[in-house]
Amino acid sequence: MFRLKVNSTVCTFNIMINVLCREGKLKKAKEFIEHMQCLGVKPNLISYNTVIHGYCLKGDFEGANTIFETMIKKGIEPDSYTFNSLIRGMVKEGREKEVSSLLEKMNSFGLIPTAVTYNNLIDSCCNRGDLDKAFFYRDEMVKIGIVPSAATYNLLIHALFLDGRMAETDDLVKDMSEKRVLPDGITYNILINGYCRAGNAKKAFKFYDEMLSRGLQPTIVTYTSLIKVLGKRNRMKEADDLVVEILRKGIFPDLIMFNALIDGHCANGNVERAFDILKEMNKMNVQPDEVTYNTLMLGYCKEGKIEEACNLLEEMKGIGIKPDHISYNTLISGYSRRGDMDDAFRVRDDMLSAGFNPTLLTYNALIQGLCKKQEGVLAEELLKEMVSKGITPDDSTYLSLIEGIGDVDSFLGRKDPS
């Protein structure tokens, strides 16, 4: 365009400034504003807002403020978008205490904070777990006549779920309905995922049905959450049917969803069906990982098929999947429960050779196995070893030892501090 002497407009320059900001080239974007002025094209509010937003996204509030001051000197008045970007940048830097001065400056330009302004503040509070302050901002926006948006409710509902405050979540959903704020796809996904994590399948599926009736599409994460909660409720037929339904919609399961299905079937004693799912994964070119194999190994161990579980360990090594400490602990627990302590200690040694240190679970499994075989002395030696390695015994450790020693008074009266 320059070469052909085609005149550029402010719109052309704004597009280029936006591209530079998206690529994080803020210095170049700033220089571009200066360049357009040299060419006789006056930057407008969009030009400056774009660069301010770019600096704020990068967490450089000082840089954003410098552009803001330059803009004011040029006689260009800011708008709500300008201040929303600055507020977002300020809270990103953890300077929320300074927000009040920015709100005052906003007011001095005759601008009223919007739902977006308060959502930035609420989001910051939720991210650091300060829900009291988040609800303070919600109440403040309502007080000045700003109706909370679906995004406001989404932030608060998600934070309440993370904090385990289920009753208050129900109150917020009710409040949304009373204020005639329509839930969006994000709202439903948060509610479904939250209730699934809490183990409340009934409520999760209530919102799922409501979501579908409104023509909103659940995400693959939401479907995975539903499969997990069905697994916890021993409703794997429904979980399998749900997968058929999402395949019909053209949504293909990912590794996490397949792992959830395998886990559900193994937990409910249907290891054979879990292996069918592994075959389906291979057909769909979804590569299993250590979680897939650990889950299948655990399923075998629950059925007492420890040798088959050991074969799986070798199989995963053969296809290039490195076993982790969970893989070894699963086998150690399986052998210990069966009373095969020589094999349990052999796997423990393999675990050490692979570069994994024993965990609390490793020691508890071995101590439990030794105590069941009335090998209390060896179990106590293991207790001393785990303490020396900085691993704190838990209730399970001590209950196994008391059972193995058989004399509670003697055990509790020991002078040995370990």
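1. Buried means under 20% relative accessible area, exposed means over 50%, and partly exposed lies in between (1.4 Å probe, protein chains only). E238, at 37% relative accessibility, is therefore partly exposed. R235 is partly exposed too, with a relative accessible area of 29%.

2. This model is predicted: local features need pLDDT of at least 70, side-chain atom pairs count only at pLDDT 80 or more, and totals for chains, interfaces and linings use all residues. Residues are numbered from 1 along each chain as its sequence is written, and side-chain values use heavy atoms, with hydrogens and water left out.

3. E238 and R235 form a salt bridge, with their closest N and O atoms 2.8 Å apart. The term requires a side-chain nitrogen of Lys or Arg within 4 Å of a carboxyl oxygen of Asp or Glu. The whole structure holds 21 salt bridges.

4. R338 and D340 also meet in a salt bridge (2.8 Å, N to O). R338 is partly exposed, at 37%. D340 is partly exposed, at 25%.

5. D350 and R346 pair through their side chains at 3.7 Å, N to O. They sit four residues apart in helix α20 (residues 341-353), so about one helical turn separates them. Helices here are DSSP runs (H or I, at least four residues), numbered from the N terminus.

6. T292 belongs to helix α17 (residues 290-302). At 0% relative accessibility, T292 is buried. Beyond its neighbours within four places in sequence, T292 is in contact with L255, N259, I262, L278 and M281. Contact means heavy atoms within 4.5 Å.

Technical notes
Helix = DSSP H or I, 4+ residues; strand = E, 2+ residues; numbered from the N terminus.
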